[in-house]
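Please find below a colleague's note, to be read with the sequence and the coordinates open.

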Amino acid sequence: MEASELLERARSSARDPEDPLEILSAAIALVPELGGEADALLDLAVRRAREAGASWIAIGERFGYIRRSARRRRFTPAFAHRHLVNRRMKRDAACSFCRRPPGPRVHMVHGEGGRICDRCVALAGDIVAGLARRRR
């Protein structure tokens, strides 16, 4: 089915068939039924709403986006998830003993159970050498 036919279908199910934002809302409601054809319908509905003078803010609100200040925008659930994933990745890449993060001057030895940085390797070598001297 063509996008224009789908737009007519959305127009017929809209509360106000003359309001482009209502047609956009009806098109958004049709998305689960359409699958791959939904993108073309949404593109056309957004284009028609813009041609009719609708602002990007009003269009975004129909999609469920809320206008927020830049300061509050970065604390959305998606940002929080990405932030936690990044923290976990950094934590998992850090030295298992001292939690020193990897970097260009930090050399890591990777093993099955974790990682150890060059400082901790040197410290472990000193500890083992001291234990060996005590036993003699």
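Predicted model: local features only at pLDDT ≥ 70, side-chain atom pairs only at ≥ 80, totals over all residues.

1. Residues are numbered from 1 along each chain as its sequence is written, and side-chain values use heavy atoms, with hydrogens and water left out.

2. Helix 3 (residues 38-51) has 14 residues and reaches 20 Å from its first C-alpha to its last, close to the 20 Å expected at 1.5 Å a residue (1.5 Å times one less than the number of residues; helices are DSSP runs of H or I, at least four residues, numbered from the N terminus). Its buried residues (under 20% relative accessible area, with a 1.4 Å probe and protein chains only) are Ala38, Leu41, Leu42, Leu44, Ala45, Val46 and Ala49. Their cover includes helix 1 (3-13), helix 2 and helix 4 (56-62). Just after helix 3, glycine 53 takes a positive phi of about 100 degrees.

3. Glutamate 22, in helix 2 (residues 20-34), is buried, with a relative accessible area of 13%. Leaving aside neighbours within four places in sequence, glutamate 22 is in contact (heavy atoms within 4.5 Å) with Ala14, Arg15, Asp16 and Arg62.

Conventions:
Helix = DSSP H or I, 4+ residues; strand = E, 2+ residues; numbered from the N terminus. Buried < 20%, exposed > 50% of the residue type's maximum accessible area, 1.4 Å probe, protein only.
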